[in-house]
Amino acid sequence: MARSVTLGTRLGWTALAWAIGLAIFFPILWTILTSFKTEAAAIGPPQLFAFEWTTENYTEVQSRSPYFLHFMNSVIIALGSTLIALAIAIPAAWAMAFSPTKRTRGLLLWMLSTKMLPPVGVLIPIYLLFRNTGLLDTRIGLVIVLTLVNLPIIVWMLFTYFREIPGEILEAARMDGANLKAEIIHVLTPMALPGIASTLLLNVILAWNEAFWTLNLTAAKAAPLTAFIASYSSPEGLFYAKLSAASTMAIAPVLILGWFSQKQLVRGLTFGAVK
Amino acid sequence: MGSITLKNVAKRFDEVEVIPPLDLQINDGEFVVFVGPSGCGKSTLLRLIAGLEDVSGGTISLDGKDVTALPPSKRGLAMVFQSYALYPHMTVRKNIAFPLKMAGLEQSEIDKKVDGAARVLNLGDYIERRPGQLSGGQRQRVAIGRAIVREPSAFLFDEPLSNLDAALRGTMRLEIAELHQTLATTMIYVTHDQVEAMTMADRIVVLNRGVIEQVGSPLELYREPKSLFVAGFIGSPTMNMVTGSEAEKFGANTVGVRPEHLKLSTEGGQWNGTVGVSEHLGSDTFLHIDVEGVGLMTARADGEFPAHHGDRIGLTPDPERLHRFDGAGAAMR
């Protein structure tokens, strides 16, 4: 039986939902608006839309620092680390989902527990390792570290997806003469494709936004967009508008990607929760 | 060729012995049904033969060759699953072609075989559809098609009809039986439905708690059940079991009489009772009779048999068709 909801209650809830949505989105909106202000207007009294619009911050930022280099670094680091992590995580999650042992659960929890450690706790050993192996400020170094950082989340997400695939279908493939490789390539992966796609998207976004390791392990050559933004935060001088322009340019690609794939993302995040 | 020999095959899951060591010989071209209540180990036994489970002991041979250590993909057997287990991302054509593709056949040969199987199974109209767009019966046909194209040495069926409605189950049962006639390939069929077992099998293997109770043709099991368990499992409606002093009169611990082997009379008989519910099926009437000193018994009578609730009736067992069992449940001859 459908519950009867009065118009007033519905309006109330709608207004509340919009208010929360706007509150969450407001900092991003403010950043985008500030990026179109002059530096003077940016630190002046707050104005929502009634200010003199300018694109000078964007031209300025682009002439001062190589946006495209940072952009490419971000793309390579985010995509590279996600793809390598997927290549490791697919067989791992397959094994845990379809041949579980008594220790599988413990292993999964142990993997997740590594995400509970504050990264700064291992910064010095990793920094020294990177320095001694020449990986500091290299794309490959960041790809390695972000692969390992996001691996537990990727394994967990894929594990949840794979568990939803009926084991009988894989057994049927085995009976049909498929070996392990054929089973994973022809049956498991295509069936798990929606799950793999949302895992990929989410992890590209996580890796794109990752700021701790990218800021600490890079200087110039391998610095992604996070470092590009950080270079505009300064204790002195007028940098608000330029900082906002840099931020807008850094989040734009991932914002567009997220907008187009929101259906996949929501499905990925709520998978298993609702059937 | 497809003879299957099990020698001392056993299966344990951790400490639980699901199947104690057993021997079984399945001849080439035979239709063998494993039947038993749920949890009796019949599906496990089938999966051991398929290679989907590892044996805990013993050997499995196909045509005299030991395959115990071979993975399922190398045993040359085909299996039809209860859930059909079709590949949801592939069309019917690709589903059926999959085992051939895995076997590395030429595309032209694959097409020829898939078209042939589709024709035999009347799948031509939906060959380009995906499993999600098919009905239960059509999906089951695709699963069978996928099994027959690779020309396996034996087919394994794991309760393939239990997800279908009663009418379709009847039709598919005939189709599978007919397929067996056409292909003359060994088939092992697992079911908990004794009607399926009786109608399809050359030989039935009755399993109870992982132990083979009896192996024999459907009529052998019907006529001469070796144990109380088989007697109670085979036949519909089930055999009437009489215990206590009434059974002792026949020199047994338990006496079994099938509903169709009871002679009914209004003038009294070996046992007397009152008619409770009578089920009129048209061709037959099943009478549920509360018998004095025995309890509830079922008798099968002619479709036109005039019986009403509360009628007094006498029952006399056919002495030739009486089954006697000792205290351990074994048949006494």
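In chain A, 78% of the contacts with a separation of 6 or more are between residues 24 or more positions apart. The model shown in these views is predicted.

**Figure 1. Chain A is built from 13 helices and 0 strands.** From the N terminus on, the elements of chain A run α-α-α-α-α-α-α-α-α-α-α-α-α. The C-alpha atoms of the chain fill a box of roughly 70 × 70 × 30 Å along the principal axes. Chain A has 275 residues, and buried residues make up 33% of them. The domain assignment gives domain 1 as residues 7–56 and domain 2 as residues 67–231 of this chain. Between the C-alpha centres of these two domains of chain A the distance is 35 Å.

**Figure 2. A:Ala78 sits in helix α4 (residues 67–98) of chain A.** Is A:Ala78 buried or exposed? A residue is called buried when 20 or more other C-beta atoms lie within 10 Å of its own. A:Ala78 has 27 C-beta neighbours inside 10 Å, so this residue counts as buried. Leaving out residues up to four places away in sequence, A:Ala78 touches A:Val204, A:Ala207 and A:Trp208. A:Met249 is 171 residues from A:Ala78 in sequence, while their C-alpha atoms are 16 Å apart in space. A:Met249 itself is one of the buried residues of α12(A), the helix of the next view.

**Figure 3. Helix α12 (residues 240–260) of chain A has a kink of about 40 degrees at A:Ala252.** The kink lies shortly before the proline A:Pro253. How far apart are the end C-alpha atoms of helix α12 of chain A? They are 29 Å apart, which agrees with the 30 Å that 21 residues should span at 1.5 Å a residue. The buried residues of α12(A) include A:Tyr240, A:Leu243, A:Ala246 and A:Ala250. Among the elements that cover the buried residues of this helix are α1 (7–34), α2 (39–43), α3 (56–64), α4 and α11 (225–230) of chain A. Helix α4 is also the place of A:Ala78. An α-helix has 3.6 residues a turn, so residues three or four places apart point the same way.

**Figure 4. The largest nonpolar core has 143 residues, among them residues of chain A and chain B.** Which residues of this core touch the most other members? They are A:Ala93, A:Leu158, B:Val33, B:Met79, B:Leu156 and B:Ile188. Helix α7 (residues 139–163) of chain A gives the most to this core, with 13 residues. A:Leu158 touches A:Ala89, A:Ile90, A:Ala93, A:Gly195, A:Ile196 and A:Thr199, with residues up to four places away in sequence left out. In soluble globular proteins, nonpolar side chains tend to be buried together.

**Figure 5. Chain B contains 9 helices and 19 strands.** The box that the C-alpha atoms of chain B fill is roughly 75 × 45 × 30 Å along the principal axes. Of its 333 residues, 40% count as buried. Where contacts in chain B join residues at least 6 apart in sequence, 62% of them join residues at least 24 apart. Domain 1 of chain B is assigned to residues 4–230 and domain 2 to residues 241–332. The contact between these domains takes 5 residues from domain 1 and 6 residues from domain 2 of chain B. Their centres, taken over C-alpha atoms, are separated by 38 Å.

**Figure 6. Strand β9 (residues 203–208) of chain B pairs with strand β3 (residues 31–35) and strand β10 (residues 211–216).** β3 and β9 of chain B run parallel and are joined by 4 bridges. In this pair, B:Val35 stands opposite B:Val206. β9(B) and β10 of chain B run antiparallel and are joined by 5 bridges. B:Leu207 stands opposite B:Ile212 in β10(B). The hairpin of β9(B) and β10(B) has 2 residues between the strands, and B:Arg209 there takes a positive phi near 50 degrees. In a regular strand the side chains alternate between the two faces of the sheet.

**Figure 7. An open sheet of 4 strands in chain B has the order β11-β12-β18-β19.** The pairing in this sheet is antiparallel. Which strands stand at the edges? β11 (240–243) and β19 (331–332) of chain B each have a single partner strand, so one side of each is left without a neighbour in the sheet. β11(B) pairs with strand β12 (residues 254–257) of chain B over 4 bridges. B:Thr243 has B:Thr254 in β12(B) as its bridge partner.

Terms used:
Residues are numbered from 1 along each chain as its sequence is written. Chains are lettered from A and ligands numbered from 1 in the order in which they are written. This is a predicted model: local features need pLDDT of at least 70, side-chain atom pairs count only at pLDDT 80 or more; totals for chains, interfaces and linings use all residues. A residue is buried if 20 or more other C-beta atoms lie within 10 Å of its own, exposed if 12 or fewer, and partly exposed in between; C-beta atoms are placed from the backbone. Two residues are in contact if their C-beta atoms, placed from the backbone, lie within 7 Å. A nonpolar core is a set of buried Ala, Val, Leu, Ile, Met, Phe, Trp, Tyr and Cys residues joined through C-beta atoms within 7 Å. The expected span of a helix is 1.5 Å times one less than its number of residues. The bend at a residue is the angle between axes fitted to the seven residues ending there and the seven starting there. Domain bounds come from an automatic or database domain assignment. Two strands pair if DSSP finds at least two bridges between them.
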